Amino acid sequence: MDFDTIAAISTPIGEGAIAIVRLSGPDAVTMANRIFTSKDLTEVPSHTIHYGKLVDPHSGEVAEEVMVSVLRTPKTFTREDIIEINCHGGLVAANRTLELVLAEGARLAEPGEFTKRAFLNGRIDLSQAEGVMDLIRAKTDKAMNVALKQLDGRLSSLIRKLRQDLIETVAHVEVNIDYPEYDDVEEMSHEVMRQKTREVHDEIESLLEVAKQGKILREGLATAIIGRPNVGKSSLMNTLVQENKAIVTDIPGTTRDIIEEYVNVRGVPLRLIDTAGIRETEDIVERMGVEKSRQALKEADLILFVLNNNEELTEEDLLLFEAVRDFEYIVVINKTDLKRNLNLDRVRELAGDQAVIETSLLEEKGVDELEKAIAQTFFSGEIETGDLTYVSNVRHIQLLKQSKEALEEAMNGIEMGMPLDIVQIDVTRTWSLLGEIIGDTASDSLIDQLFSQFCLGK
Ligand code: GDP
Ligand code: ZN
């Protein structure tokens, strides 16, 4: 494929003292060479970096002091010649440098165009390209790891294997039907189909199960703090926000009576929902009772249920225990600095196998244990250590769901004894749906739409 040479500032706007201008395309090296006077860049070996000055070839004026990396095709991110100009003066210098290379004939890259080229030049597949996008947007280190894994092609190779299984099964069955060795060939083929569709179906199902974790890593674990008035809900929210770096977010979340804060607790991004609202007066808080808490529960992935160590369990506490019964929750027994009037055994009994943590938010005690428990509820089981690939992309999840449904139709057909060439229609459809995840059957418009979501310069 023939492409022109594109350029963009590829470091985030407003961050760091160093900014990078990146060029990719057949004329990248010659364009850079026309403005870089200290050395002949067309002669230097690939993957080397050079210190020197940029000069405006028209005015002869020295513009910037820079470091220039020369990366020649094919071992580059886009598989094209790449030039990276490190401008030590930050963004202002980068802007001037960008103007210089545009004046030499480079075209300003569209958002995501570098990654799009990597895809179009066969360097990465579509799910890896989307991995790059998630990487750019990743909110915490753990979310970053998920994106990295996807970039690694783990999802891609798993999807490839599943597609291969499906195609082989279809081929196998076809051969059986065309060249019957046995009398009961139809029945045998049904059996092969039944087994394979079940296997692939189960793999997709487990992928979908971990997909939920991937989504949470990107969007935050919706965490509701509930409890009677005055038990310490706002104090808990404040403590979690103060102790953990709040995550900057562009998601508009704050409504009038529910306040949200994003915090990173041991690698798990929490979207804290304070049902009472820290900015509301205690008068209003008093009026928000069990009803308000029930509302917040609906959208919560995790509930922090706060009780007062200093008071006996009330009717309202028991109602709240009822309300949280079907959810993932942690009981926080607060105010342990005060005399215990709470029946701890009774609380443990009511909580069943959910964690019970004692805190004194006033004396800053028990917060570590609570944070540990929060991280544990999220990373319980094999999710962190198991070798299952995370699926964190909404489009992937959608396609996996459709694939699963198509396979279920195939499985139903087999059970009902439908002719195999009918069943195969659903199996082939699954194969195409899975192909869309890695971009093998994606249409052009889909590709354009995906890449336009990328940040400029990536
Ligand atoms: P909310 O109504 O559930 O949001 O409770 P707040 O967080 O507003 O706390 C109610 C009162 O309890 C405030 O006066 C807090 O200072 C106090 N409080 C919070 N945590 C503790 C604690 O661990 N020990 C003691 N003694 N008081 C606390
Ligand atoms: Zn409060």
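## Strand β5 and its sheet

L71 stands opposite I82 in strand β5; here, strands (E, at least two residues) and helices (H or I, at least four) are DSSP runs, numbered from the N terminus. The model is a predicted one, in which local features need pLDDT of at least 70 and side-chain atom pairs count only at pLDDT 80 or more, while totals for chains, interfaces and linings use all residues. Residues are numbered from 1 along each chain as its sequence is written, and chains are lettered from A and ligands numbered from 1 in the order in which they are written.

Strand β4 (residues 62-71) pairs with β5 in the antiparallel sense over six bridges, where pairing requires that DSSP finds at least two bridges between two strands. Within this pair, S69 stands opposite E84. Strand β2 (residues 19-24) is likewise joined to β5 by six bridges in the antiparallel sense, and S24 stands opposite I82. Six strands in the order β3-β4-β5-β2-β1-β6 form an open sheet with mixed pairing. Because β3 (48-55) and β6 (107-108) each have a single partner strand, they stand at the edges, and one side of each is left without a neighbour in the sheet.

Six of the six residues of β5 (residues 82-87) are buried, so the strand is largely enclosed by the rest of the structure. A residue is buried if 20 or more other C-beta atoms lie within 10 Å of its own, exposed if 12 or fewer, and partly exposed in between, with C-beta atoms placed from the backbone. Both faces of β5 are covered, with I82, E84 and N86 on one side and I83, I85 and C87 on the other. The loop between β4 and β5 contains P74, which is joined to T73 by a cis peptide bond with omega of about 5°.

## The chain as a whole

The protein chain has 16 helices and 12 strands. Of its 458 residues, 40% count as buried. Among contacts with a separation of 6 or more, 68% are between residues 24 or more positions apart; two residues are in contact if their C-beta atoms, placed from the backbone, lie within 7 Å.

## Nonpolar cores

The largest nonpolar core has 61 residues, and those with the most contacts inside it are A7, V21, L23, A32, V68, I83 and V101. Such a core is a set of buried Ala, Val, Leu, Ile, Met, Phe, Trp, Tyr and Cys residues joined through C-beta atoms within 7 Å. Helix α15 (residues 420-438) gives the most to this core, with eight residues. The core lies between domain 1 (6-109) and domain 2 (137-215 + 393-451), because both give residues to it; the domain bounds come from an automatic or database domain assignment.

Leaving aside residues up to four places away in sequence, L23 touches T5, A7, A28, M31, A32, I82, I83, V101 and A106. Apart from this core lies another, of 35 residues, among them A300, L302, V324 and L361.

Of the 17 residues around ligand 1, G232, K233, S234, S235 and L362 come nearest; a residue is near a molecule if its C-beta atom, placed from the backbone, lies within 6 Å of it. Helix α8 (residues 233-243) provides the largest share of this shell, three residues. By class, the shell has seven nonpolar, seven polar and three charged residues. Ala, Val, Leu, Ile, Met, Phe, Trp, Tyr, Cys and Pro count as nonpolar, Asp, Glu, Lys and Arg as charged, and the others, Gly among them, as polar.

## Other buried elements

Strand β7 (residues 221-226) is mostly covered, five of its six residues being buried. Four bridges join β7 to strand β10 (residues 302-308), and the two run parallel; I225 stands opposite L304.

Helix α3 (residues 113-120) is largely enclosed by the rest of the structure, because seven of its eight residues are buried. These are E113, F114, T115, K116, R117, A118 and F119. After α3 comes G122, whose phi is positive, near 75°.

## Individual residues

K335 has a positive phi of about 70° although it is not a glycine. K335 lies in the loop between β11 (329-334) and α12 (344-351) and is buried, with 25 other C-beta atoms within 10 Å. E364, also not a glycine, has a positive phi of about 55°. The loop between β12 (356-358) and α13 (367-378) holds E364, which is exposed, with 12 other C-beta atoms within 10 Å.

E203 is found in helix α7 (residues 185-219) and is partly exposed, with 18 other C-beta atoms within 10 Å. E203 and K404 are 201 residues apart in sequence, and their C-alpha atoms are 9.4 Å apart in space.
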